[in-house]
Amino acid sequence: MSVLSVAPNLLRLARGGFVMAREGALRLADPIDLPPHIRTLIRLGRLIERRGATDGADGLARALQRLGPSYVKLGQFLATRPDVVGLRTARDLERLQDRVDPFPQDQAEAAIEEALAAPLTARFVALGPAVAAASIAQVHRATVRDAFGERVVAVKVLRPGVAHRIGRDLEAFLAIARMIERWVPKARRLKPVVVVETLARSVAIEMDLRLEAAALSEIAENTAADPGFRVPEVDWERTARGVLTMEWIEAIKLSDREGLIAAGLDLPALGQLVMQTFLRHAMRDGFFHADMHPGNLFVDAGGGLIAVDFGLTGRLGKKERRFLAEILHGFITRDYKRIAEVHFEAGYVPADQSVEEFARALRAIGEPIHSRTADQISMAKLLTLLFEVTELFQMQTRPELLMLQKTMVVVEGVARSLDPKLDMWATAAPVVREWLERNLGPVGIAETAAEELRQLLRGLGAVPELLLRIERTSIEFEEVVRGGLSYSEESIQAIVGGVRRAALWSNLALIGIAVGLLVYVFR
């Protein structure tokens with residue numbers, strides 16, 4: 001039965017390989033370092049290559065587009081990594097970011113009317129053709145009329161049937177992930193099933209445009225005082241599950257390098273702004289744009305950054321933010337012992353491992369990249385070293401950090417495209433230092449203590465209800481024992497008394513902790 005359930009997914013993945021070969025994407029593979037059986041498969045794949053296929057990079061872009069939204073997402077990521085796939089391939093893949101073939105105008109209009117439950121003319125004065133199309137949705141320029149007059153808006157509408165197509169792909173990915181966990185023991189620590197499930201949840205959120213509108217609203221509140229960054233304003237009246245209407249942005253796309261230069265904008269400064277904006281949102285707010293490729297970023301006349309497409313976002317708790325800040329600060333200051341300690345304190349590395357040996361392994365990674373500009377750093381090599389180190393020390397994959405790790409790689413690639421000599425460590429240093437001073441300094445310690453005190457007081461306020469629950473539980477337990485078990489009256493009373501005494505001492509301990517914390521805070 002398991003083989004029968006996996007077979008359709010294997011067929012879908014086999015179709016993916018066939019389309020790649022047919023479009024000529026296998027031309028990109030360098031067979032020199034590949035195992036013999038893989039080289040044989042590539043040679044066989046080249047036999048079915050279509051006659052007009054002459055360029056591997058272009059073939060890869062065409063294949064990903066043919067295979068659908070899930071594969072286009074992969075192409076969007078590779079487009080930001082020229083050091084991994086090569087400059088030529090990265091440029092060919094850039095068209096997947098916002099230049100996917102649009103679906104017909106009549107289908108878009110029908111989808112908008114269905115989502116808003118109203119005729120198109122009741123909500124819009126005019127709806128133009130698609131101006132940008134991506135893997136999940138496309139954007140139209142439209143005109144609306146309200147009490148303030150006519151204004152131009154951007155209307156984002158989901159592709160028809162996209163949920164079904166992505167669901168099938170994710171089902172295939174999940175089946176393969178389960179096979180990997182079962183048959184490849186070394187890969188289990190990477191939690192491939194958890195990774196796919198996390199991806200599935202994020203895609204489900206991305207396909208509800210009301211949630212994207214809410215993300216825009218939250219980011220706008222978080223960054224209201226941030227210089228050099230803003231997001232479009234949401235038109236809630238014309239927003240629903242399948243449609244998002246927002247402010248129209250008149251600005252230069254970050255992917256339009258010639259346009260940025262012609263406008264006299266400082267590209268290295270923009271690179272720093274992109275990197276620091278992401279870090280500030282991740283560490284300060286714990287909520288960040290998780291799809292910051294150049295097609296989703298614009299630059300206004302003053303050099304300010306405008307971000308769109310918040311279908312994919314990431315969120316970090318206080319623990320993860322502290323982990324991120326201390327890790328970055330440790331690499332910046334070469335404090336590898338502290339980096340190792342943070343991993344152990346967070347529980348990311350098993351306690352039976354050696355802190356000192358882990359610190360030594362981190363030094364082997366950090367020293368080659370310290371004080372070097374980004375063009376001297378091979379991120380592919382760095383990721384390989386990290387994989388080897390985490391495998392050696394049995395570090396488990398953390399689902400809450402997966403989105404952060406992926407986005408950091410993308411943002412670093414975008415920043416490097418603007419300034420190939422960007423030193424990402426020097427760029428990150430002021431943001432990391434600001435977070436550490438704010439959260440680990442006197443003010444941060446006082447706020448943490450106050451929050452812990454409030455939690456303790458809330459817990460103490462629940463003590464009467466807790467005692468009543470214990471009383472009811474002890475009575476019910478006594479009745480059950482009397483009715484169904486042969487314990488003596490003395491045994492029952494001893495058990496009930498023990499439960500009550502344990503609850504009493506637990507609550508006395510809580511009161512003692514609260515009093516001690518009050519003395520510490522207000523002394």
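Helices (H or I, at least four residues) and strands (E, at least two) are DSSP runs, numbered from the N terminus. Two strands pair if DSSP finds at least two bridges between them.

This is a predicted model: local features need pLDDT of at least 70, side-chain atom pairs count only at pLDDT 80 or more, and totals for chains, interfaces and linings use all residues. Residues are numbered from 1 along each chain as its sequence is written, and side-chain values use heavy atoms, with hydrogens and water left out.

**Overview**

The protein chain has 23 helices and 10 strands. Of its 523 residues, 45% count as buried. Buried means under 20% relative accessible area, exposed over 50%, and partly exposed in between (1.4 Å probe, protein chains only).

**The sheet**

Four strands form an open sheet in the order β4-β9-β8-β6, with mixed pairing. β4 (229–230) and β6 (252–253) stand at the edges; each has a single partner strand, so one side of each lacks a neighbour in the sheet. β6 and β8 (residues 297–299) run antiparallel and are joined by 2 bridges. Ile 252 stands opposite Val 299 in β8. Helix α14 (residues 267–285) packs on the sheet and touches β4, β8 and β9 (305–307). The direction of α14 makes about 50 degrees with that of β9. Here, touching is contact, meaning heavy atoms within 4.5 Å. Axes are lines fitted to C-alpha atoms, for helices over the stretch in contact, and angles run from 0 to 180 degrees between N-to-C directions.

**Near the start of the numbering**

Leu 41 lies in helix α2 (residues 36–46). At 53% relative accessibility, Leu 41 is exposed. Arg 27 sits in the loop between α1 (2–23) and α2. Arg 27 is partly exposed, at 34% relative accessibility. Arg 27 and Ile 42 are 15 residues apart along the chain, and their C-alpha atoms are separated by 8.8 Å.

**Salt bridges**

A salt bridge is a side-chain nitrogen of Lys or Arg within 4 Å of a carboxyl oxygen of Asp or Glu. The count comes to 22 salt bridges. Three of them follow.

| Salt bridge | N to O distance |
|---|---|
| Arg 151 and Asp 146 | 2.8 Å |
| Glu 237 and Arg 238 | 3.8 Å |
| Arg 338 and Glu 345 | 2.9 Å |

Salt bridges that share partners join Arg 322, Glu 326, Lys 337, Arg 338, Glu 341 and Glu 345 into one network. Glu 237 is exposed at 55% relative accessible area, whereas Arg 238 is buried at 5%.
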